[in-house]
Amino acid sequence: MKYLRVMLRAFEMSMKMRVINAFWYLSWLVFPLIFSVLGLILLSPSESSRSAYAILGGGLIAYWGMAYLEGGNNIQDERWSGTLEQLMGCPTPIAFVVIGKLASSLAVGILAFLPGIALAYFGFHQSLNHIDPIPFAVSFAVLTFSFFCTAMALAPVYTLWRWAFALTNGFEIGLYVICGFMFPITQLPGWLQVMASALAPSWATRSLYAATGQSYGHDYLLWWAISIALSCAYLFCGWLGFRLVDVRARVSGQLALA
Amino acid sequence: MNALRIFLRTCWFQYLAMFNWATPIGYVSYKLLLPISQILFMTELGTFATGRSNALYFALGNALQLTAINGIFGVISTVGNERQFGTLPILLASPANRLVTFVGRAFVHVLDGMAGVVVGLALATVMFGLDLSHANLGLLAACVMIISLSTAGLGLMFGSLSLIMRDVFFIANAAYYLLLVFCGINFPVDRLPVWAQVISDALPLTRGVQAAREAVAGGGLNQMASLLAGELAVGLVYAVIGYALFIWLENQARRGGLQEAY
């Protein structure tokens, strides 16, 4: 109960601080619009079922961005705000604060799908014509879980090694490629598909698009299982990372030097 | 000669001090990983939509747009970070020549941006077999230089705006990605609505990318002279507006003591 209260407070504070952050508007409004426009202009003349990649693609990119940027930088943000020491000094493990903040990022991240859907409908007269509701809903939940676990794994990594954020930020668009956010990963070269198969979001994205009628097949259970298994592996890595952050902060006192 | 030495030293120090990525890992990340990722993503998206035969159109367009990494992200941060790093009041109090200070923000980024396009073209050649054997390389080089200058002009204008805005990278990110839509990087400008084509005409890159595509096809100067002149003029207009803004905002800040009020 105590930890639940901490998570709820972190969720609430994170929501309040987001409203005055210009980057949040960029993340949920501007980015999805830009990528949806690109996708819709390119994909509209081709067969109509492909426009699902444009309609959902911009939102997926933005949703991922919210998870990896906001979620991954959760601890780092505390350091920049000068509040990390207080948090580390609290009896509550910092992971629970991060979970609350990350849940808030993912909750509002769902908003990022609205601009693309609205633009497609009003600007390009396109919509998601075929959706299998149950596979779609489950796939979306699995995708959210995979984003959550990825961000939980990245949060201590960004905190312990500052260069890690620069590297992943530079490769951000590369992740759009190997997660198949706007086109099927089956068209990529074999070595990239191998990379993609190690990423939990790529399996969840595959099942999400399969539920919109794309020609992936219907192996939903297999895709969900792989995505969840990989996500759990990330979560375990994240747990180890949080232990390391704790050691660097409390035992060696070197966290501020990282 | 002394003035030139001071100018060059100023350019270099401003690049190093105000540009967050001037570290080896940051540089590799944003100048190598980002180009690879962007060219790969847009080319794969484009080929998914239009077929493999059009891959080079997307690869070339995105390789050229990479100059905006420096022209937009670099120049905006070099101007805007004065505020973020708390050095703006010191700059405003200094007797430094304002034009030299202002233009110096973009100088190294123009060179670095050209290097970025060379990297992008090399990547496009390796990854998608871009064929430059029939290209007019001299004119292509001229296109790359002019595109770098014009995007830096836009960066200088947005950078000046960032003196009164809190989130400098909000502008940089939005501007960088909007160029992908409006400038004929991934589809011809005539596929945009008329109102959007008007915006395209007012942006850097639009004419430069079109000229560069002609240079790669082996076109001569006659075919692209007007495009290049237009591209240069657009960049110059933005740079002049940016400088005027810079001076105006400085005066406003001096009069009201508002250097860090925004």
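**A tour of the contact between chains A and B**

Start by selecting the place where the two chains meet: 27 residues of chain A and 29 residues of chain B take part in the contact, two residues being in contact if their C-beta atoms, placed from the backbone, lie within 7 Å. This is a predicted model, in which local features need pLDDT of at least 70 and side-chain atom pairs count only at pLDDT 80 or more, while totals for chains, interfaces and linings use all residues. Residues are numbered from 1 along each chain as its sequence is written, and chains are lettered from A and ligands numbered from 1 in the order in which they are written.

Next, on chain A, select α2 (22–43), α9 (162–170) and α10 (172–178), each of which supplies at least two residues of the side that touches chain B; helices here are DSSP runs of H or I, at least four residues long, and strands are runs of E, at least two long, numbered from the N terminus. Of this side of chain A, α2(A) gives the most, with twelve residues.

Now move to chain B, which has eleven helices and zero strands. Its C-alpha trace spans about 60 × 40 × 35 Å along the principal axes.

Finally, colour chain B by burial: 48% of its 262 residues are buried, where buried means that 20 or more other C-beta atoms lie within 10 Å of the residue's own, with C-beta atoms placed from the backbone. Among contacts in chain B between residues at least 6 apart in sequence, 80% join residues at least 24 apart.

Key
A residue is buried if 20 or more other C-beta atoms lie within 10 Å of its own, exposed if 12 or fewer, and partly exposed in between; C-beta atoms are placed from the backbone.
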